[in-house]
Amino acid sequence: MQNDFGSADGDRLPEPERWKVLGNRSLYSSPWIGLDLVKVVPPGREPYEHHVARVADAVGVVLRHPDRGVLLLHRYRFITDTSGFEIPAGALDEDEGVEDAAAREVLEETGWTVRDMSRMLVCNPSDGVSDQRFHFVLATADEQTGEPVDAYESSARVWFRPDELSSLLRDGKVPGALTSVALLHALHFGML
């Protein structure tokens, strides 16, 4: 697709104007989330205060097995009152690397160890209100060591063939954006 600035990849787009940050005030803080009020000045606008949720970086894992497919967790989310399929995921602990967090989350939520991990992408799931970055990892299931420690987090763990994932997404059985992004990325780039 051609636009006024050049090619579709944006190689000739003008540099966007940065917003000025005039101050930051913490309204609430806990080990899981913080809420700040940040005074900003957008280009050509008057200053105003913007709420920013401070959330720790997290990791999500597309876990594949050569014979079984892709493992998804069936979960209920009380905040949105929805249920559906998700990849194993969770916050990075302080001073924990992405791969270490990925292996820990998979083991805690599925009972499987992993091998052959590779980073897929990093994105900001809600960059209009939160500073959280989400790291996506592709991993191969190695060995099932037992039941998951965090079994309460899901009602079931289900293996899906890669050719079944598109219909899960299409039919709304993957309501969370993070799992949708991870699965669509892995499918689009032929990782499954």
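These are legends for a set of close-up views of a predicted model.

**View 1. The whole chain, before zooming in.** The protein has three helices and 10 strands. Reading from the N terminus, the elements go β-β-β-β-β-β-β-α-β-β-β-α-α. Along the principal axes, the C-alpha atoms fill a box of roughly 55 × 45 × 30 Å. Of the 192 residues, 36% count as buried. Take the contacts with a separation of 6 or more: residues 24 or more positions apart make up 56% of them.

View 2. How accessible is Arg25? Its relative accessibility is 44%, which counts as partly exposed. Glu49 is also at 44% and counts as partly exposed.

**View 3. Arg75 and Glu153, a buried salt bridge.** The side chains of Arg75 and Glu153 meet with an N to O distance of 3.2 Å. Arg75 belongs to strand β5 (residues 69–77) and Glu153 to the loop between β9 (134–144) and β10 (156–160), so their pairing ties together parts that are 78 residues apart in sequence. Buried or exposed, these two? Both Arg75 and Glu153 are buried, which means that each has under 20% relative accessible area.

**View 4. Asp116 and its neighbour in a salt bridge.** Asp116 is found in strand β8 (residues 112–123). Its phi is near 50 degrees, a positive value in a residue other than glycine. Asp116 also forms a salt bridge with Arg115, where the closest N and O atoms are 2.5 Å apart. Asp116 is partly exposed, at 47% relative accessible area, and Arg115 is partly exposed too, at 35%.

**View 5. A salt-bridge network.** Which residues take part in the network? Asp93, Glu96, Arg104, Glu105 and Glu108 are linked by salt bridges here. Across the model as a whole, the count of salt bridges is 18.

**View 6. Helix α2 and its two sides.** In helix α2 (residues 162–170), the buried residues include Leu165, Leu168 and Leu169. These three span an arc of only 95 degrees around the axis, so they end up on the same side of α2. Over on the other side, Asp163 and Arg170 are exposed. What covers the buried residues of α2? The cover includes β5, β6 (82–86), β10 and α3 (177–188). After α2 comes Gly172, with a positive phi near 75 degrees.

**View 7. Ile87 and the residues around it.** Ile87 is placed in the loop between β6 and β7 (89–91). With a relative accessible area of 2%, Ile87 counts as buried. What does Ile87 touch, leaving out residues up to four places away in sequence? The list is Gly60, Val61, Val62, Leu72, Leu73, Phe136, Thr179, Ala182 and Leu183. For a sense of scale, Val149 is 62 residues from Ile87 along the chain, and their C-alpha atoms are separated by 16 Å.

View 8. Asp81 is in the loop between β5 and β6. Buried or exposed? Asp81 is exposed, because its relative accessible area is 57% and the cut-off for exposed is over 50%. Its phi is near 55 degrees, again a positive value in a residue other than glycine.

Technical notes:
Residues are numbered from 1 along each chain as its sequence is written. This is a predicted model: local features need pLDDT of at least 70, side-chain atom pairs count only at pLDDT 80 or more; totals for chains, interfaces and linings use all residues. Side-chain values use heavy atoms; hydrogens and water are left out. A salt bridge is a side-chain nitrogen of Lys or Arg within 4 Å of a carboxyl oxygen of Asp or Glu. Buried means under 20% relative accessible area, exposed over 50%, partly exposed in between (1.4 Å probe, protein chains only). Helices (H or I, at least four residues) and strands (E, at least two) are DSSP runs, numbered from the N terminus. Contact means heavy atoms within 4.5 Å. The arc is that of the directions from the helix axis to the C-beta atoms.
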